Amino acid sequence: MAITVRDITASPHLEVSASAGLAGLDRVVRWAHVTELPDPVRWLRGGELVLTAGLGLGGDAAGHRAYVRRLHGAGCAGLAFAIDIWLSEIPSEVLDEGDRLGFPVLRVEGETSFVAVVETVADHYAAERTREQGRVLAAQDAMARAALRSGPAGVMRELASATSGECLLLDRNAMTSRAVPEREPGWHSLVRSEVVGAAPTPGMRVLADDGSSILLQTLGTSGRTLGWVALRCDDPSPNVRVLANHAASLLAVDLLHSRDARRAMFGERAPLLRAAALGQTVGVPLTLPSPPWEVVCLRTSEPRSLDDAADALVDVLGDTEAARSSGLCHLGEVLVAVLPDTGRPHAGERLLSLVEGVSAAGACRARGPGELASAVARARGAVPAEGYRHMDEADAWALLRSSVPESGSRAFTEAVLGPVVEHDARNGTELAHALRHYLDSSAHVEETARELGVHRNTLRARLRTAERVLGRDLRDPRTRLELWTALSLRPMRCADGTWHD
C-alpha cells in the first residue's frame with residue numbers, strides 16, 4: 001500500500017500540517033526530495049514530496065505562483081516548507097496557488113527535520129516491501145500445498161486468490177483444462193488466438209485486454225509444449241509475475257509427472273498387447289476399452305513413437321478412462337493402437353495427425369478379443385502410402401486402385417487412353433471427359449448430354465470421334481471396361497471444377 005500526503009500529516013512522529021491544497025491530500029508520495037533549486041523539475045520523476053526552506057522560491061508573487069505551477073505540472077505529490085529561520089510564514093501566493101490547483105502545501109515545524117520526513121517515506125516502503133514479500137512467500141507455500149492436495153485445480157485457485165485475478169489453463173490443443181472462475185469470458189478467446197497456430201515461445205508474454213493485463217506463460221522447458229497458463233489481473237507487478245511463474249512451474253511439474261507416469265503405464269502393458277496382436281495366448285486379461293474397438297496400425301519404427309502416441313491419446317480422447325485403458329505396442333514396422341470405436345470422426349485419424357513423424361495409418365474394426373489378431377493383420381495391410389484408411393469403410397474399387405503400383409497404373413492408362421489424350425492435347429477437345437461421363441452414366445446418351453450441357457447429337461459426334469481415334473467400338477463390353485478402368489485409376493478434373501474420383 002502506498003503512502004499519501006495525508007499519511008505524512010497524520011504521522012505522530014512528525015510535526016507536519018497542511019496549509020493549502022487540502023483537496024490533494026490523497027496524492028501518493030513516491031519519494032520525499034529536498035531541493036533549493038529555483039526550477040528542480042528536470043531532476044524530478046513525479047510523485048515526490050518536495051521539501052524546501054524556500055531559498056529557490058523567488059522574490060516576487062509571480063515567481064511564487066510559477067514555482068508551485070511547475071511542481072504541480074511535474075506531477076509532484078506536494079510541497080513542504082521548513083518554518084524556521086529562513087521562512088516564518090509560507091507566502092500567501094503559494095497558498096492561494098496550492099488551493100487553486102488542489103496541490104498540497106505543508107508546514108514542517110518544531111523539531112521535525114527533513115531527514116525525518118524522508119525516513120518516514122523510506123521506512124513505509126521498506127516495511128511494505130517486507131509485507132509484500134511475506135504475502136508472496138505465503139502464496140507460494142499455499143500453491144505448493146494445493147499442488148500436493150488437489151493438483152492443478154488447487155494451484156489455479158490459489159493463484160487467482162493471491163493476485164485478485166482470473167486464471168486459465170490450456171492443454172496442448174489450446175482447449176480449457178481448468179479455469180478460475182469456471183466460465184468462458186471473452187479474454188479466453190484472446191489467449192487462444194495468441195497460441196493457436198503459433199510456434200511455442202518459451203517464457204512469459206504480456207497481452208493487453210481492456211485496461212487489464214494477461215500474463216501468458218508456456219508450460220514445459222524444452223521439447224513439446226505441455227500447455228499454457230494465463231493470468232488476467234489489473235496490476236502485473238513484479239510480485240504478481242513471480243507468483244505466475246511459480247504457478248507455471250508447479251503446473252509443468254504436475255504435467256510432466258502425469259506424462260511420465262502415463263508413458264510408463266503404456267510401456268508396461270505393451271508386451272501383453274503385442275502377444276495378443278500376434279494371436280498368442282495371454283494368461284491375464286488385457287487392459288483395453290470396452291469393445292468394439294478401432295484397431296489402428298501407424299507406420300513407424302521409431303521407439304519414441306509409443307511415448308508420443310501415449311501423450312497424444314489425452315488430446316484425442318481427453319483425460320478419460322477410455323484414454324487410460326487404450327492399448328499401444330510396437331509390432332515390426334508399425335505401432336498398433338487399440339482405441340474405443342468412436343465412429344466418425346475416427347480416433348485413429350486424429351491420433352495419426354498428432355504423432356510426429358508418422359504420415360500413414362490403416363485401421364479396422366474389432367468386436368472383441370477374438371478378432372484382435374485378425375483386425376491387426378487387416379489394418380496392417382491397409383496402411384496407405386499417405387493418410388488414413390479404414391478397411392471397413394473402403395469400397396472394393398478403392399482397394400483395387402490402391403493395390404495397383406504407380407508404374408502399372410501409368411502404363412495401363414497410356415496403353416488404353418494414349419490416342420485420346422494426345423488428340424485432346426493437340427486439338428483442344430475433351431473426348432476423355434465426355435467418355436468418363438458417358439461410361440459413368442451406363443452409356444445413356446440422353447443422360448450424359450444433360451450432364452455435359454450439350455445436345456445429344458453433339459455428344460454422339462464426340463463419341464464417334466473417340467471411336468475413330470481409338471480404333472475401337474464403344475458397344476464392346478471389354479472396350480468399355482478397359483476405358484472406364486483407365487479413366488478411373490486417377491482422379492480427373494471435371495469442366496465445372498469438381499473431380500471424378
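**Exercise 1. Work out what span helix H2 should have, and compare this with its end-to-end distance.**

A word on the model: it is predicted, with local features needing pLDDT of at least 70 and side-chain atom pairs pLDDT 80 or more, while totals for chains, interfaces and linings use all residues. Residues count from 1 along each chain as its sequence is written, and side-chain values use heavy atoms, without hydrogens or water.

**Exercise 2. Find the buried residues of H2 and their packing partners.**

Solution. First, His-64, Ala-66, Tyr-67, Val-68 and Leu-71 are buried (under 20% relative accessible area, 1.4 Å probe, protein chains only). Next, the buried residues pack against strands S5 (48-52) and S6 (78-82) and helix H3 (92-101), with contact meaning heavy atoms within 4.5 Å. Finally, just after H2, Gly-75 has a positive phi of about 85 degrees.

**Exercise 3. Describe how H13 and H14 cross and which residues meet.**

Solution. The axes (lines fitted to C-alpha atoms over the stretch in contact, angles from 0 to 180 degrees between N-to-C directions) of H13 (406-427) and H14 (431-440) come within 8 Å and cross at roughly 130 degrees. Val-420, His-423 and Asp-424 of H13 meet Leu-431, Ala-432 and Leu-435 of H14.

Terms used: Helix = DSSP H or I, 4+ residues; strand = E, 2+ residues; numbered from the N terminus. Expected span 1.5 Å × (residues − 1). Buried < 20%, exposed > 50% of the residue type's maximum accessible area, 1.4 Å probe, protein only.
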